[in-house]
Amino acid sequence: MLDILFISDYVCPYCLVAKEALKQALQETGVEANITWQPYELTREPKPQVDTYNDENRKKKYVVLVEPCKQLGLDMKLPPNVVPRPYTRLAFEGWFFACDNGKGDEYNDAVYKAYFIDEQNIGDIEVLTALAEKVGLDGAAFKAALENGTYTEAEKAAVDYARNELKPKGVPTIYINGEKVAASEYTKDEMIRILSEQVPAEEVFGFSCS
C-alpha cells in the first residue's frame, strides 16, 4: 500500500490532468494506494483574482496538456471561460463537508470537472451546492455549512500547512511514501513509471502474460 500526498488546487489545470493520470495508472497497474488530498489555494482572499482566460502566455503554456488530455479522455477547456479565476476557499470548505459525509472523492471530481469542462464558477456557493447535490450530498446542509463557516478554520489550517510546512514550489506536488516525486508530462505512462519505481515489480499488476 502506497501513501500518496497530492497537493493541488481546483483551478490548476495541471492538477486535474495529473490526478486523472494517477487514477488511471492505479487502475491499470492494480497498485493499492491511500491518497490524501492536500488543499492549496493559488490565490487566497483578499489578493486580486487573475484572468487566465485572456492571458495569452498561460494559454501557450497549457498547450503541453493538450495531448495528455486526449489520451486521458479529458475534454478540458484550457483555460475555461470563467473570468476572473475563482477563489477556491469555499470549494475546499465544501470538500471538508463532503469528506465528513463519505463523498470526498466524488465531490473532488465534480468540482474539477465543473470548472475545467463545464466552465462553471466554482467560487459561487450556489454552483457548489448544486455539485454537492449531484454527488448525493444534502444540499441544504452543505450550503448552511459554507454560509456558517463550519469548515473555515479547518480549510485555513490545511492551506497554511501546505504553504508553511510543505512549501511546494507549485502545484501539483506529489509525495509517495514521504518522498517527493518528479512528474512533468502528466501522462498515464509517466504515472505508471513513477508507481513502478515505488513498488517491487511483482506487486505491479498491469496487463501481462505469465
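Start with Cys69: its sulfur is 12 Å from the closest cysteine sulfur, the one in Cys12, which is too far for a bond. A disulfide here means a pair of cysteine sulfur atoms within 2.5 Å, and searching the whole structure turns up 0 of them. Cys99 is in no disulfide either, with the nearest cysteine sulfur, in Cys15, 16 Å away. Buried means under 20% relative accessible area, exposed over 50% and partly exposed in between, using a 1.4 Å probe and protein chains only.

Keep in mind that this is a predicted model, where local features need pLDDT of at least 70, side-chain atom pairs count only at pLDDT 80 or more, and totals for chains, interfaces and linings use all residues. Residues are numbered from 1 along each chain as its sequence is written, and side-chain values use heavy atoms, leaving out hydrogens and water.

Now for the rings. The structure holds 11 aromatic pairs (rings of Phe, Tyr and Trp, the last by its six-membered ring, with centres within 6.5 Å; planes under 30 degrees apart are stacked, over 60 edge-to-face, the rest tilted). One of them joins Phe97 and Phe142, edge-to-face because the centres are 5.5 Å apart and the planes at 90 degrees. Phe97 is buried at 8% relative accessibility, and Phe142 is buried at 0%. Tyr115 and Phe116 also pair edge-to-face, at 4.7 Å centre to centre and 75 degrees between the planes; both are buried.

Phe97 and Phe142 also belong to one aromatic cluster with Trp95, Phe96, Tyr107 and Tyr151.
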